[in-house]
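Student: I am new to this structure and would like to understand how its descriptions are reached. Could we look at it together and go through the terms one by one?

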Amino acid sequence: MPVQFSKTFVAAFAVAALSGAGAALAAASHDSGQDAGEAAAHGHSDALPFGEVGLAAEADRTIEIAMKDNYFEPEALEIRAGETVRFVIRNGGEFLHEFNIGTSDLHRAHQNEMKAMMESGIMTATGMNPDMPNMAHSAMDMSGHAHDDPNSVLVEPGTTRELVWKFAAATDLKFACNVPGHYESGMMGDIRFVKPAQADS
Amino acid sequence: MNGEQKIMGRRHPSSHGRALSKSLAVVGVASALLGALPSLAATYDLTIGKTKVNITGKESTALTVNGTLPGPTLRFKEGEDLVINVTNTLDVDSSIHWHGLILPAAQDGVPGLSFDGIEPGTTFTYRFPAQQSGTYWFHSHSGLQEQAGVYGSIVIEPQNREPFRYDRDYVVVLSDWHDTRPEAILANLKKQSDYYNYDQRTLMSFFDDAATNGLDATLADRLAWGGMRMTPTDIADISGYTFLVNGKSPAQNWTGLFEPGERVRLRFINASAMTYFDVRVPGLEMTVVQADGNNVQPVNVDEFRIAVAETYDVILRPTEDKAYTIVAEPMARTGLARATLAPREGMAGPVPAQRKRPLLTMADMGSGAMAGMDHNQMPQDDAAPAAEAPMSGMDHAAMGHTAMANGAMANGAMPAADGARQDPFYAPGSGLLPTAANGGKFLSYADLKAQKPLFEDRPATREIEVRLTGNMERYIWSINGKKYSAADPIRLQYGERVRFKFVNETMMTHPMHLHGMWSLLDNGSGKWNPIKHTVSIAPGTTVYTEVEVDAPGKWAFHCHLLYHMATGMFREVIVEGGPQTAQAN
């Protein structure tokens, strides 16, 4: 088991380094001396190359997202480059779901992480495992997932969460649920940037 | 043609129209008309007849539905009232059973139980509502006609949005074809079984003998017996199958098209008479989203085993502009079914070499102790090594019979004694335990969880033991030691919830199919236990299912290995009481 665990944590760290924060990516490219994983784990930064956490008070508009088993409504989003959107996400299903804004590569990395969380028992199909609180916390802290990841929220069945996101320039983004099997079977959608003239701002 | 037009003129989901027509193109010429005709009433016409086929290089006669092998894909819509006219042009009685569909007993298509069968030259009209959605199939329930080609697929479009998305939709019917007439195969099996008269051996008799004669002598005895059983030509007959995908041999290479980046739904149906398949698409992960027509919580796998009569729907995401090979290897590695997913017609991916044949171990003999029972698994050349290998397995078998044969109890938590991979649905140490070709994830029954439970989770009112037994001596397969003709029906009361305890005392894996009512496979998931119509029970294991008894009348209950069913592994189930009591008598 110890071997298994350290693998999980290593994976979680790697994912955190990739996806947890803009600082992580920046570190990888031009500041390799910095411990990217550490930065991500502590949530010191909430910026990513394609945007950052925004303030609800500054939101240009609110988009309501309904989570079902296992799909989103709506199935695609239209966004303007530079706008701040307050997402209100309600999970009306019976299973745990995630709302995550990212590139395909980031989603893929998240899928590996969530798979590890599922296999270790920290997470179940219906929520975080209450029988493993310590493990859950440490893993979530390590991974930056759920509460630390600026571009993602986990929404348990019957609950509503919010994510305010300030989009940067237009790029190829998707919103997705990376609970194992969900993205793969279609619980994801395109984020289409409209009015491309504004995309360069 | 009128009938076919009606069939093919059915509505179809426009979003999948393109894939649909491609999928059907394989099935028959008539399907080319699909897109061109308007939707009509929900009336279908099927004709059972004889068709010349050439699958192995030599012409042979198949029994077919609407002239094709397999028959057409019937596309129903959940909630519609179906009228299906089935005309029998054979010179013997025939029938069509709607495998996995919930319907009134009189519409189930089992001669002698549901109705009298369809006499030559007559038409029987089935009428029932489509109460469910998903992937199913149909086949003759008369004699051995199913082996000769009387089978096809059913796709029922749901009323509500499915919990998954896809851009392409293909039915993938796996089957085993033999140029030898099935009656001749069965005759050979029975004739050959007289070769060496030996009573059914059980684990207990094995140990009784071992106590009397010593272990070595007893083992040698069993192996000698096993060896005798391995030699005859009946094995060659059964193992002379050609494995088909949508009626195409590996050389004919059925192909489904995709554009890179699309989600492709494959609806696998195992319409074989006798063959389990291990299915994979090298280079692609598969997300299992449905089993036996019922949605399951999506599970990502690299490979899965499909028992005879089961269905699995998977979603794949091919991203590269290249051909991917669909590989379906028979569990006994006696050949290969092969098909292709490709961006364009005419492309082909590499076809992997057939993997090594699994060898049964003593764990698999644990309950039956009959090396020879498994003609599919152990040809004569392999009998000796198979038998020698597992002396260590003896201990497993000894304990396993009672202590470990609790597949359902072991909800994945069974400790691995030696660090080897474990699956609660195989006997510990079983030679049949599958592993993924790429070392990755192989689907287990333990992974299947209902996406949406159909029934309230409640305790069963009683338990019924179903021991799966066999007497190889006369090629008789049985339940609780009795073949069908010698057994009383199983009587269930409408409204009760029955727990079935399947104890496999043979060396073969049996796909048990209960008609008319769902079987909830107890894999330890509680309210999320998967909802199935066919449950496979591996040698040396005990598996539990629960059934909400909600369908009055007479139902068939049997092993779906055709020659096992035909020789006695079959029961009549009578559901007494309920709204249509009269039907039960």
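Student: Which residue is the bridge partner of Lys174(A) in E13(A)?

Tutor: The bridge partner of Lys174(A) in E13(A) is Asp190(A). This is a predicted model, where local features need pLDDT of at least 70, side-chain atom pairs count only at pLDDT 80 or more, and totals for chains, interfaces and linings use all residues. Residues are numbered from 1 along each chain as its sequence is written, while chains are lettered from A and ligands numbered from 1 in the order in which they are written.

Student: Why are strands E12 and E13 of chain A said to pair?

Tutor: Strands (E) are DSSP runs of at least two residues, and helices (H or I) of at least four, numbered from the N terminus. Two strands pair if DSSP finds at least two bridges between them; E12 (residues 173-176) and E13 (residues 188-194) of chain A have four bridges, in the antiparallel sense, so they pair by this definition.

Student: Why do strands E5 and E10 of chain A stand at the edges?

Tutor: In the open sheet of five strands, the order is E5-E13-E12-E7-E10 (chain A), with mixed pairing. E5 (77-80) and E10 (152-155) of chain A each have a single partner strand, so one side of each is left without a neighbour in the sheet.

Student: What makes up the contact between chains A and B?

Tutor: Residues are in contact if their C-beta atoms, placed from the backbone, lie within 7 Å, and the contact takes 14 residues from chain B and 10 residues from chain A. The largest share of the chain B side, four residues, comes from E15(B).

Terms used
Two residues are in contact if their C-beta atoms, placed from the backbone, lie within 7 Å.
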